[in-house]
Amino acid sequence: MTSFAVPSHAIVAPGDLDYPDFVAGRSAVVRLPETFPVRVGAPLPEDVCPPHANAELIMPRGVALALEACDRLEYDPDAHYGLVLALPTLRAEPEFVERSLDAVGDPSGLIPVRSFFGEAPLAEVAEHLGVDGPRVRVDTACASGSDALIFAHQWLEAGAVEDVIVVASTAMLNPLGVAGFNNLGTLSRDDDLRASRPFDLARNGFVMGEGAAGMWLSSRSHTSAPGYLSGYGQSMNATHMTGVPEDIGVMLRACRSALARVPNPGKDLAYISAHGTATRANDAAEIRVYRELLGEDRAGVAISSLKSMIGHCLGASSLIEACVCLDILINGQATPTINLEVPEPNSGLDFVPNKAKEVSGDFVLSNAFGFGGHNSSLLFSRGQF
Amino acid sequence: MLRLAAFSAALTRPLGTCMDLPNVTLVEYEDDEQRRAPASAYALDALSRLEVPTDARVVTISGPPGKFIHHMEPIRQRSPDGRLMGPKLARRLRRLHPYGLLLCLQNQVSAAISMEFGLTGPCMNLIEGTTAFADALCTLEGGKDHETTLLVMSSAADRPEQRELTKLKFPDSVLVEGAICFLFSPDGEMGLVGATASGRATSEPKKTNPKERPASLPPGWPHAPCLEGGMCVLWALASGIPSKRFWLSDGHGYQTSFDWQKL
């Protein structure tokens, strides 16, 4: 598998937090208005992508966040790019739902929300970036960001294009989107700003966030590239739409595929970005995965969940986390898992509780385990590998 | 290029002589809204006629999964001011069926076929892209680790939420729903399919009229977002076309192409 350079990356994270905030253990979790069915969430500040009224054409918030990530990403405007957009469904955005209900019997009412349909979101982002190469839109739920990077890697490996911009976005932090997940029983219903507690014994569901990220992946030589995408693995659970498998073998297979060229993961890995949603089932399964993956060396690898600080940004989460993995590789500071007071007993794993930690090593692993059973692992390296 | 070993399809409208092909059937889908979206049901129906190794690499290209908005209507009806986002929203949203969310997720086709057929190999789900068929082919050709690749296209666009907008863009269109599956393997003998013979994408975008239908399919064929790449291959199989380059358009000025070669 070829290593491809990551010349630049950018995030639009809840609270507009960035890597230094994560190292400091800051949280973006705030109380939500009473229109929401749960008490806490991790939104963007109001001045980032404020809604703007345009009766003629309503831009989906998911697209607006994607464009914000594009604006923050440094890239060579003269290069010939492909685009992989990780943007899960936009059909839970309130403007779309309300207007669609109004349009029953009067389809002309759908005209202002035509940008929610079909290829329009992908075309919008491609035009904004000036992309003139191939373009696709990926949706593998919470693994979308990682899988978009994998698709970009495959394009580069096939020689289809030399540069790809990967953008991931999610905007379901609205009463309808939150209700969907809440009624499935996956959200924390705590009225507590520390409700996002990955790997804590008292965890009881995830806190929803929103955001976006962008990453430029290139097969050309970039001597100053801060990191490289050097491996990946994917698998499907084949068990349940929202659950995790009893047999963790399929999750392990994704991690091991990503690590295939790393001689001794327990010693060579600087850090693992866990999916770490803070649901009981996910975190329990991940603990089993990491114990098996790292074996006797498990205490020496820093593992943390960014979701403790920014909640779960669904389709954008794994690309945001991939960006932070690169920052960790560059700066040698693993971000903490905050709100981790009583860890699961006897895991033998270092979840970097509440305080950042210095790490060394040439590799970081970023994991995502999405609804629908999509398992996706990414390996980043400091140099070409 | 990828070697086509087997195919199947479940479609709601006939596609000319394609209906004479083995494993291509007309289906009528009874709404089973609490359990499974139509796009998933079509994919399961079509795939049930193929033998797929459980470690096969899977790519799904998913269009609209089915209707979703109707799940919100009872919640709006209970609003004092008749607006969905009106008063007492949090309380009214308790009535949203948990499956309502799952049925609007656009990775449900890949999830459903994985669960039903025990598929645990690598999986990629591309959505809302007629052109994605060709853009995915070059990545599939690079899948040396996985000898067998399953490509599934599924779409349920003939629903009120989608139908009228599609007709705004393509006024004379008749929509077809369904799923088309292709199994590619090194010993496939039906034909070769690839972005180009060299494995590179041929997708040099050309500015096209956004209202222009792709030119590759026979006139009068129904329109199906996300299915048209598969429909082209079915047409080539049914018509005995020896070789042809097919073009796909996204309706926003972007085109891709792929090559077909009969074996």
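1. Starting with a pair of helices in chain A: the crossing of α2(A) and α4(A) is right-handed. Bear in mind that you are looking at a predicted model. The α2(A) side of the contact consists of Val63(A), Ala66(A), Leu67(A), Cys70(A) and Asp71(A), and the α4(A) side of Pro121(A), Glu124(A), Val125(A), His128(A) and Leu129(A). Sorted by class, these residues come out as 7 nonpolar, 1 polar and 2 charged.

2. Now the geometry of that pair. Helix α2, residues 61–72 of chain A, packs against helix α4, residues 120–129 of chain A, at an angle of about 20°, and their axes are 10 Å apart. An angle under 35 degrees counts as roughly parallel, so that is the label for α2(A) and α4(A).

3. Next, α7 and α9, also in chain A. Helix α7 covers residues 249–258 and helix α9 covers residues 280–294; the two pack at an angle of about 50°, with axes 10 Å apart. They are therefore oblique to each other, and the crossing is right-handed. From α7(A), the residues involved are Met251(A), Leu252(A), Cys255(A) and Arg256(A), which meet Ala285(A), Val289(A), Glu292(A) and Leu293(A) of α9(A). That contact has 6 nonpolar residues, no polar ones and 2 charged.

4. Helix α5 (residues 144–158) and helix α11 (residues 317–331), both of chain A, have axes 5 Å apart and pack at an angle of about 70°. Angles of 65 to 115 degrees count as roughly perpendicular, so α5(A) and α11(A) are described that way. Ser144(A), Gly145(A), Ser146(A) and Leu149(A) come from α5(A), while Ser318(A), Leu319(A) and Ala322(A) come from α11(A). The class count here is 3 nonpolar and 4 polar, with no charged residues.

5. How is chain A divided into domains? The domain assignment gives domain 1 as 4–218 and domain 2 as 227–381. Taken over C-alpha atoms, the centres of these two domains of chain A are 21 Å apart. Domain 1 of chain A puts 63 residues into the contact, and domain 2 of chain A puts in 64.

6. You'll find it in helix α10 of chain A, residues 307–310. Its relative accessible area is 2%, so Ile310(A) is buried. Leaving out residues up to four places away in sequence, Ile310(A) touches Pro14(A), Leu17(A), Phe22(A), Ala28(A), Ala42(A), Gly209(A) and Ile320(A). As for Gly233(A), it lies 77 residues from Ile310(A) in sequence and 25 Å from it in space, C-alpha to C-alpha.

7. Asp21(A) is in helix α1 of chain A, residues 19–23. Is this residue, Asp21(A), buried or exposed? Its relative accessibility is 18%, and the cut-off for buried is under 20%, so Asp21(A) counts as buried. Its contacts, not counting residues up to four places away in sequence, are Asp16(A) and Arg26(A).

8. A couple of backbone points. Asn339(A) is not a glycine, yet it has a positive phi of about 65°. Asn339(A) belongs to the loop of chain A between β11 (333–334) and β12 (357–358), and it is buried, with a relative accessible area of 10%. In chain B, Cys226(B) is likewise a residue other than glycine with a positive phi, near 80°. Look for Cys226(B) in the loop between β7 (191–194) and α8 (228–239) of chain B; it is buried too, at a relative accessible area of 2%.

9. Chain B as a whole has 8 helices and 9 strands. Of its 263 residues, 63% count as buried. Taking the contacts in chain B between residues at least 6 apart in sequence, 76% join residues at least 24 apart.

10. Finally, which residues of α6(B) are buried? They are Ala132(B), Phe133(B), Ala134(B), Asp135(B), Ala136(B), Leu137(B), Cys138(B), Thr139(B), Leu140(B) and Glu141(B). That is 10 of the 10 residues of helix α6 (residues 132–141) of chain B, so this helix is largely enclosed by the rest of the structure.

Definitions and conventions:
Residues numbered from 1 in each chain as written. Chains lettered and ligands numbered in written order. Predicted model: local features only at pLDDT ≥ 70, side-chain atom pairs only at ≥ 80, totals over all residues. Heavy atoms only, no water. Axes fitted to C-alpha atoms, helices over the stretch in contact; angles between N-to-C directions. Helix = DSSP H or I, 4+ residues; strand = E, 2+ residues; numbered from the N terminus. Parallel < 35°, antiparallel > 145°, perpendicular 65-115°, else oblique. Left-handed = near helix turned anticlockwise from the far one by under 90°. Contact = heavy atoms within 4.5 Å. Nonpolar A, V, L, I, M, F, W, Y, C, P; charged D, E, K, R; others polar. Buried < 20%, exposed > 50% of the residue type's maximum accessible area, 1.4 Å probe, protein only. Domains from an automatic or database assignment.
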